[in-house]
Amino acid sequence: MKKDIKDRKDIEHLVNAFYDKVKNDDVIGYLFNDVARVNWGEHLPKMYNFWENILFYTGNYSGSPMIVHRELHSKNTMTKEHFNHWNHLFNETVDSMFEGVKAEEIKSRATNIAAVMMYKTLTPID
Ligand code: HEM
């Protein structure tokens, strides 16, 4: 039986494993590596905070993810398939490492946020 996500250390392991997959992924890797040229030393701690705040209400994330993804989309078109694939990789990573109430919660939050983010990113403003 796998354990549940219980603290920041677990979130760090999950986020690191997820982005290790993302970086090497044929469908969405290039958006991070070539389009955004992500500084991983900055991005990963932001993502630890983002997910820690969502699961444990720590209040330690402040950012504007919806704007960040719109900017990315304006540099290089993003699609429904990109978002669906992101979500698939995220769920697959969670399932390979954890199980329990918090593991279910992080997957359902990710799915819901991805749906809103996809809508806000891909819908033209005008
Ligand atoms: C195909 C889908 C996605 C792609 C390609 C993508 C890519 C990116 C990139 C390139 C950045 C900026 C990294 C940097 O240079 O600092 C970023 C930031 C971020 N992403 Fe995504 N993302 C995707 C989906 C998602 C989803 C579904 C979520 C949440 C469930 C998410 C949450 C975030 C957050 C919280 C940030 C940090 C924003 C900030 O505070 O600066 N992303 N993403």
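Which residue forms a salt bridge with Lys-102? The partner is Glu-105, and their closest N and O atoms are 3.3 Å apart. A salt bridge here is a side-chain nitrogen of Lys or Arg within 4 Å of a carboxyl oxygen of Asp or Glu, and by this rule the count comes to 11. The structure is a predicted model, in which local features need pLDDT of at least 70 and side-chain atom pairs count only at pLDDT 80 or more, while totals for chains, interfaces and linings use all residues. Residues are numbered from 1 along each chain as its sequence is written, and side-chain values use heavy atoms, with hydrogens and water left out.

- Lys-102 is buried, at 19% relative accessibility (buried means under 20% relative accessible area, exposed over 50%, partly exposed in between, with a 1.4 Å probe and protein chains only).

- Lys-21 and Glu-92 form a salt bridge of 2.9 Å, N to O.
- Lys-21 is in helix 1 (residues 8-23) and Glu-92 in helix 5 (residues 80-97), so this pair ties together parts 71 residues apart in sequence.
- Lys-107 and Asp-95 form a salt bridge, with the closest N and O atoms 2.7 Å apart.
- Because Lys-107 lies in helix 6 (residues 101-122) and Asp-95 in helix 5, the pair ties together parts 12 residues apart in sequence.
- Lys-107 is buried at 13%, whereas Asp-95 is partly exposed at 38%.

**A network**
- Salt bridges link Lys-3, Lys-6, Asp-7 and Asp-10 in a network.

Methods:
Helices (H or I, at least four residues) and strands (E, at least two) are DSSP runs, numbered from the N terminus.
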